[in-house]
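Dear colleague,

Please look through it before reading my notes.

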Amino acid sequence: MRLSLSRSFILSIVLMLVGLCSCQYSSPDLGDTWQFDQKDTRVDSARFRSIYHYWKGDNFVATDSFSLRQEGLFDLGSLRSQLADTLVMPGEVLVVEDIRLDTASTTTTLWIKITAVDYSLSRTGQSIRHSSGWVKESVFHQCIVPDTPVAKIIHFLGSQSFKWFLGIVGAAGLILWFLLLYQARRQPHFSRLVCLPRGGYVRFFLFTLSGSVTLHRTIWHYWPNEWVEFYHHPALWPLSPELSPAVGCFMAAVWLLLLASLAVIEDVFNAGVTMTESVIAVGKVILLGVIVFALFAVIVPFILLLPVLVLVWAKLLYSTFRSFNGHSIR
């Protein structure tokens, strides 16, 4: 059974590496529009992209409603509102058409010209609505998410509602786990609820999960600009030249986590003699995964993140050593 497990794990690695070769997003080819003087409304594209991480032609999806000021905003560098505002609703697809500086006002303001497309009307048989206009960059970047699957996942995982939900579920799971440990010491038949499978894949999964979350928070704390660049222009291949070394290491950890998850699924089901035992084992792994994810992503402050990681890794290594020596793990 172990030989079959090893073969399937190696096969999973080979298939994953083959699939990674095609998983890459390319950054757009940017033109150079330089600002010549204070009265020129044109924007330096290289400087703008290095700060805001997008440029003309990039696609976004609205996450909140905001107003568009209609055509006629810029006339010889002066800002003028000619037509009534248009309201952009959440879910509309946005395309950046132009980026200008408002040099007529007392404080220089960046304005973004976008085209908004509402595809939701097509589901009811109505024609697709198009609207175009200008919005301040300070408003624009707060109400959009890049139109890529990776960016949408990152946006969801980083939302305050998800963090609150994860923190509450993680804290409840941690309390439940301590109660199970307490009951296992008093009543031996509870011990099977807190004992991990004897294979090392579950511990390796928890080891990788805690490490990858810690690495993500470290990147966000020390190199936030690199993470924002990845958010706008993701590349899933860890060795992609578009990724910084830190983000590349994080992507390698993510793929390693996916491979460990596949190994855990097979290991857990092979360890169970009956279907009930297999279901209990899967439930334990899911509960531990949620606890570890919540602990390192939300609950533990960043200043305590590294000490807690060292303690968790030491516990996992110690329990793995005891497991290989045939002892009971609690």
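The notes below begin with the chain as a whole and then turn to its cores, one serine and the aromatic pairs.

Please bear in mind that this is a predicted model. The mean pLDDT of the chain is 79, with 73% of the residues at 70 or more. Two stretches call for caution. Over residues 13-38 the pLDDT stays under 50, and the model has 48 contacts beyond four places in sequence for that stretch. The pLDDT also stays under 50 over residues 75-79, where twelve contacts beyond four places in sequence are found in the model.

As to overall architecture, the chain contains ten helices and nine strands. It has 330 residues, and buried residues make up 41% of them. Among contacts between residues at least 6 apart in sequence, 66% join residues at least 24 apart. The accessible surface comes to about 18600 Å², and carbon and sulfur atoms account for 65% of that area.

The largest nonpolar core has 24 residues, of which Val202, Phe205, Leu206, Leu209, Val264, Val268 and Phe296 touch the most other members. At least two residues of this core come from each of H6, helix H8 (245-271), H9 and H10. The most is given by H9, which supplies eight residues. To take one member, Val264 is in contact with Tyr201, Val202, Phe205 and Val285 when its neighbours within four places in sequence are left aside. There is also a second, separate core of 21 residues, which includes Ala62, Phe66, Ile112 and Phe140.

Ser210 deserves a separate mention. This residue is in helix H6 and counts as buried, because its relative accessibility is 0%, under the 20% limit for that class. The side chain of Ser210 reaches the backbone oxygen of Leu206 at 3.0 Å. Beyond its neighbours within four places in sequence, Ser210 is in contact with Val292, Phe296, Leu309 and Trp313.

I turn now to the aromatic residues. A search of the whole structure finds twelve aromatic pairs. In one of these, the rings of Phe60 and Phe140 have centres 5.5 Å apart. Their planes stand at 85 degrees, so the pair is edge-to-face, the limit for that class being over 60 degrees. Phe60 belongs to strand S1 (residues 59-62) and Phe140 to helix H3 (residues 137-140), so that the pair links distant parts of the chain, 80 residues apart. Both partners are buried: Phe60 has a relative accessible area of 2%, and Phe140 has one of 0%.

A further edge-to-face pair is formed by Tyr222 and Phe302, whose ring centres are 5.8 Å apart and whose planes are at 65 degrees. Tyr222 lies in helix H6 (residues 201-222), while Phe302 is in the loop between helix H9 (275-299) and helix H10 (305-324), so the pair ties together parts that are 80 residues apart in sequence. Tyr222 counts as exposed at 52% relative accessibility, and Phe302 counts as partly exposed at 24%.

Finally, ring pairs also link Phe48, Tyr52, Tyr54, Trp55, Phe60 and Phe140 into a cluster.

With kind regards

Methods: Residues numbered from 1 in each chain as written. Heavy atoms only, no water. Phe/Tyr/Trp six-rings, centres within 6.5 Å; stacked < 30°, edge-to-face > 60°. Helix = DSSP H or I, 4+ residues; strand = E, 2+ residues; numbered from the N terminus. Buried < 20%, exposed > 50% of the residue type's maximum accessible area, 1.4 Å probe, protein only. pLDDT = per-residue confidence, 0-100. Contact = heavy atoms within 4.5 Å. Core = buried A, V, L, I, M, F, W, Y, C linked by side-chain atoms within 4.5 Å. Areas by Shrake-Rupley, 256 points an atom, 1.4 Å probe, with all protein chains shown as cover. Polar contact = N/O pair within 3.5 Å; in protein donor to acceptor, adjacent residues only side chain to side chain.
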